[in-house]
Amino acid sequence: MYYPHFGLRDRQMYYEWMLLDTHDALTDTYKHRRTLGEMRRFLRTLCPDPVVTAGGNGVEAFCRKPQ
């Protein structure tokens with residue numbers, strides 16, 4: 001348990017973070033990893049000018065719906 005290293009509000013909040021971390025650690029097999037190119041190609045089917053970049057935690061993508 002993280003208590004008290006992150007300065008969260010109370011012990012309950014630390015418990016909830018622990019549950020989220022456990023869930024995140026156990027669901028890696030269900031993640032659908034994509035490369036920048038794969039994301040760009042997919043988003044072009046939805047909008048003409050997607051913005052796809054390498055972000056801090058993987059791929060960041062933005063797409064504006066055509067009007």
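## Largest pocket

The largest pocket has a volume of about 170 Å³. This is a predicted model. Eight names make up the pocket lining: Lys31, His32, Arg33, Arg34, Met39, Asn57, Gly58 and Val59.

Sorted by class, three of the lining residues are charged, three are polar and two are nonpolar. Lys31, Arg33 and Arg34 are the charged members, because Lys and Arg count as charged. Met39 and Val59 are the nonpolar pair, because Met and Val count as nonpolar.

## Salt bridge

The whole structure holds one salt bridge. Its partners are Arg9 and Asp10, joined through their side chains at 3.9 Å, N to O. This pair counts because the cut-off is 4 Å between a side-chain nitrogen of Lys or Arg and a carboxyl oxygen of Asp or Glu.

How exposed are the two partners? Arg9 is exposed, at 68% relative accessibility. Asp10 is partly exposed, with a relative accessible area of 32%.

## Thr27 and its contacts

Thr27 sits in the loop that runs between α1 (11–26) and α2 (36–44). Its side chain has a polar atom 3.1 Å from the backbone oxygen of His23. The backbone oxygen of Asp24 is also listed, with a polar atom of the Thr27 side chain 3.4 Å away. Both pairs count as polar contacts because the limit is 3.5 Å.

Note on methods: Residues numbered from 1 in each chain as written. Predicted model: local features only at pLDDT ≥ 70, side-chain atom pairs only at ≥ 80, totals over all residues. Heavy atoms only, no water. 1 Å grid on protein atoms, 1.4 Å probe; cavity = no way out; pocket = protein on both sides within 12 Å on 5 of 7 lines; lining within 4 Å. Points joined across faces, edges and corners; volume = space filled by probe spheres on them. Buried < 20%, exposed > 50% of the residue type's maximum accessible area, 1.4 Å probe, protein only. Helix = DSSP H or I, 4+ residues; strand = E, 2+ residues; numbered from the N terminus. Polar contact = N/O pair within 3.5 Å; in protein donor to acceptor, adjacent residues only side chain to side chain.
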